[in-house]
Amino acid sequence: MSVTVATTPFEGQKPGTSGLRKRVVVFQQEHYTENFIQAIFTAMPAPGAQGATIVVGGDGRYYMRDVVQKIIRIGAANGIARFIVGQDGILSTPAASAIIRKSQADGGIILTASHNPGGPNADFGIKYNTRNGGPAPESVTDAIYAATRTITEYRQVALDAPVDLTTIGCQRFDGFDVEIVDSVADYVELTKSIFDFDLIRRFRQQSPDFSLLFDALNGVTGPYGRRIFVDELGFPESALDQCTPLEDFGGCHPDPNLTYADKLVARVEREKVALGAASDGDGDRNMVLSHDWFVTPSDSVAVIAHYAAECIPYFQRQGLRGLARSMPTSCAIDRVAAAKGLEIFEVPTGWKFFGNLMDAGRLSICGEESFGTGSDHIREKDGIWAIVAWLNILAHVNQTQPGASVRSIMRDFYQVYGRNYFTRYDYEEVGSEGAAQMINDLRAKGSDLVGQTINGFTVAAVNDFEYTDPIDHSISRNQGLRVIFDDSSRIIFRLSGTGSEGATVRIYIERFDPAEFDTDAQVALKPLVNAALEISQLSKYTGRNEPTVIT
């Protein structure tokens, strides 16, 4: 039986690049979560919710299982005929995308705040993905937001008890079905079809000194890592760390970077690990390093693109159709595209911008400097995919160069393409007004900077990145302020929408060097960092003298 509940709109339910993210206590307000879920079903693209199939799951964070139950009750009242739900409500974001595509579902709702902390006093998020398995485009998120602003009621079915999320199988209710699926199986099957698992197994057996350490940061990818690295590829259980999903991520910040994955970084260095890797809370981000080298995400996607058609079966079968990066990501992948005669696309930050290019058959591999890497096998970035790609590449190179390492592979890459030195400074949870004023003032004085020499660098151009989608011709404006110097160095200023409170100011700094490869990135980029702080006057606007995170 369906019941109607009267409600009123809440301010600020506008989805960002990856859905709606707020503190848990915000979502726990009476009607708040229900309003947003109802808005999703109201705004579902044609043919709409009636008779539709949706995939539901999340990263296991606090409040997730409660919201799964709300989605089922409200979705059923809106006409959803079939729910495909990960066991215990668990689905990594890449796995959810894979299941949406495999089952030809009409969309999916993913419950995650990605790399943000979890727990009763931390963050929660709800994201809607469309039938291609990717994040909803702006046309859909705008429709969801419009529905949240006019909502007066939501509908939900009355159930005698919560739906059992623990038992795999199909449960039939009056007018709808709930199918509980193995959270890991479909994703593992897909991954095995992409990479050369036999080659990786032989490499592991022939290289007994090669060590892997995978840290799931107490996030969703623990079970995925165990199934792939231990059960399928034969690495020992000791290759895993923090691989049990926890509602509060064990009190950790599940963001795979040098600051928040410090436990992994310390162990990799101390134990001389050949390949260290981490993923984030919902499994779409990754970090790759060794005891003597940190691979920037910008370099990682470029290296994967360089080797893909040479040794990864998926790309050997279909070839490379094009490469892409988010605008702030370094231009290393551009050099790979030029060498291989491939199209290269520069898009705004947000994985949804890659989806149209993939659906049109013009994009194979892409990445973001924010530790996101992936391909057209799904429509989300994919942390485990990137890590297995590195294992595949290491196994391949070691066939002809025994003893090849992460460092030597990077060195070989720089010998071919030169090195794009890159870093990002994050200033998290700064005052929103000051951050916005800083960006507005930078825009206002942008043209005045052209021709000026700042800390030894001469400004050639200043612009606000604007993107016209080559497939649907939609236009995205104000995507980041770029200061470009006459030697091709770049400084980019951008406000991020991934936090739940305040603003995050990100400064991206890049310089190309065709000959010098071994300088520490922070040393190589220090003059540009100083130029960025002088141009932006960040300390004056935010009160911050040091970044929260440097990557």
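Let's start with charge: the mean positions of the chain's 51 positive and 69 negative charges lie 2 Å apart. Here Lys and Arg count as positive and Asp and Glu as negative, with His and the chain ends not counted; each charge is placed at NZ of Lys, CZ of Arg, CG of Asp or CD of Glu.

Keep in mind that this is a predicted model, where local features need pLDDT of at least 70, side-chain atom pairs count only at pLDDT 80 or more, and totals for chains, interfaces and linings use all residues. Residues are numbered from 1 along each chain as its sequence is written, and side-chain values use heavy atoms, leaving out hydrogens and water.

Now step back to the whole chain. You will find 18 helices and 27 strands, which are DSSP runs numbered from the N terminus (helices H or I, at least four residues; strands E, at least two). Buried residues make up 60% of the 551 residues, where buried means under 20% relative accessible area with a 1.4 Å probe, protein chains only.

Next, zoom in on strand β25, residues 490-496, where six of the seven residues are buried. On one side of the sequence comes β24 (residues 481-485), which pairs with β25 in the antiparallel sense over four bridges; two strands pair if DSSP finds at least two bridges between them. Arg482 stands opposite Ile492 in β25. Four residues lie between the strands of this hairpin, and Ser488 takes a positive phi near 80°.

Strand β25 also runs antiparallel to β26 (residues 503-513), joined to it by seven bridges. There, Arg490 has Glu510 of β26 as its bridge partner.

Key:
Buried means under 20% relative accessible area, exposed over 50%, partly exposed in between (1.4 Å probe, protein chains only).
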